[in-house]
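Welcome to this short tour.

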Amino acid sequence: MVKRSFFSVLLTLFFLFTIVSCLFVFQAPAMAGTIDLNYANFPPAPTFPCVQMERWKVEVEKRTNGQVSIKTFPGGTLLGAKEMMDGVIAGQADIGNICMAYQPGRFIVTNATSLPLGIKDAKTGSLALLKLYEKYKPEAFKDVVVLTMFANAPGNVMSKYPVKTLDDIKGMDLRASGGAAQILKAWGANPVGMPMPATVEALQKGTVKGLFSSLEVMKDNNFAEMCKYVTLTETGIYPFAVIMNKAKYASLPEDVKKVFMDLKEEQSLWTGTYMDEQIQKSIAWSKETQNVEFISLSAAEKAKWDGKLSFIIDDWIKTAKEKGLPAEDIVKDIKAFIQ
Ligand code: DTR
């Protein structure tokens, strides 16, 4: 009797020990490894910079087996467009998405991609931008770690009134930032600078009569409701970067850093491809449900519009050279990367 109960106690202890150690083994990685990161973005959730953010979050959480958890903040709820770079450097957000065109003087090298160089779509622009960054590693990024870069598709005029000739666009108040503003100015329009989120109100109030950007915003931002005309100019992209606080990045385990770096080019390609697909959907939707008229410039008119832009590249080269940058090489490289 005594012998039997001694064995059953031993057996029970053995089972308990096994269960506890199993629990410990399965819990340990999650407990020891949970790294919480926040990611700030400035435009609203349905727009492409935020869609790419959610895709990146899902991929990181999957590829680190839940070791990293990302909390996303779309719509400027953590940091707005213009405070993004400094906010990430200061650690107000661990990760942030910047549109470089909103600070043209700060990101001179990477903003060269917004020159009218004939980038044909977002995929080409995104990969060329990332290659340019990797080649020149511009000073502007010395206080952050770049997680990826991408671009939107070439710009077109979306307006409340039809624009068919240079006379039509003359003096028209159109929203644009950075390099795109220069393009509009060269065509004789009156560019009004503001980040994308401010554009909705400006259109509603009539402060601007339209905007110059990639066409996915007709659907994503519902601009098709107010802008019933699109003039197909197909020029000028906006470069974006996803940046991370340097100290926070340095504190990550090596395997997590590897996941981030392995995703750098893949995310760029994914975003460019996603954007190009969204453009097609947006065009179809604008035509079919919003009755938007798409205006193609005649060959003669297009030549006039293009002719107005050539000085922009020369001017950029001159200014960048004065700042000690290898300006001609940068332009040559972009042209080679987009082939
Ligand atoms: N064209 C730039 C960048 C841009 C294009 N689509 C979106 C959507 C949300 C924010 C920015 C952008 C611009 O007009 O700001």
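## Ground rules

Two strands are said to pair if DSSP finds at least two bridges between them. Helices (H or I, at least four residues) and strands (E, at least two) are DSSP runs, numbered from the N terminus.

This is a predicted model, in which local features need pLDDT of at least 70 and side-chain atom pairs count only at pLDDT 80 or more, while totals for chains, interfaces and linings use all residues. Residues are numbered from 1 along each chain as its sequence is written, and side-chain values use heavy atoms, with hydrogens and water left out.

## The chain as a whole

The secondary structure of the protein chain comes to 14 helices and eleven strands. Its C-alpha atoms fill a box of roughly 105 × 50 × 35 Å, taken along the principal axes. The radius of gyration, taken over C-alpha atoms, can be set beside a globule rule of 2.2 Å times the number of residues to the power 0.38. For a compact globule of 339 residues that would be near 20 Å, but the protein chain has 25 Å.

Buried means under 20% relative accessible area, exposed over 50%, and partly exposed in between (1.4 Å probe, protein chains only). Contact means heavy atoms within 4.5 Å. Among contacts between residues at least 6 apart in sequence, 75% join residues at least 24 apart.

Strand E1 (residues 35-40) and strand E3 (residues 95-99) pair in the parallel sense over two bridges, and Tyr 39 has Ile 95 as its bridge partner in E3. E4 and E10, by contrast, pair in the antiparallel sense over seven bridges, with Met 149 standing opposite Ala 241 in E10.

## The six-stranded sheet

A second open sheet has six strands in the order E7-E6-E8-E5-E9-E11, again with mixed pairing. Strand E7 (190-192) and strand E11 (293-296) stand at the edges with a single partner strand each, so one side of each is left without a neighbour in the sheet. Neighbouring strands are turned by 30° against each other on average, direction ignored. Strand E9 (residues 229-235) runs parallel to E11, joined by four bridges; Tyr 229 has Glu 293 as its bridge partner in E11.

Helix H8 (residues 196-205) packs on this sheet, touching strand E6 (173-175) and strand E8 (210-213), and its direction makes about 155° with that of E8. The buried residues of helix H7 (residues 178-186) are Gly 179, Ala 180, Ala 181, Ile 183, Leu 184 and Ala 186. These residues pack against helix H6 (166-169), E6, E7, E8, E9 and helix H13 (310-322). H7 is followed by Gly 188, whose phi is positive, near 100°.

## Core and packing

A nonpolar core is a set of buried Ala, Val, Leu, Ile, Met, Phe, Trp, Tyr and Cys residues joined through side-chain atoms within 4.5 Å. The largest one has 107 residues, of which Phe 141, Ile 169, Trp 187, Phe 260 and Trp 316 touch the most other members. H11 gives the largest share of this core, eight residues. Leaving aside neighbours within four places in sequence, Phe 260 is in contact with Leu 37, Trp 56, Val 60, Leu 147, Met 244, Tyr 249 and Leu 252.

Leu 130 lies in helix H5 (residues 122-136) and counts as buried at 5% relative accessibility. Leaving aside neighbours within four places in sequence, Leu 130 is in contact with Met 149, Lys 264, Glu 265 and Ser 268.

How values were computed
Axes fitted to C-alpha atoms, helices over the stretch in contact; angles between N-to-C directions.
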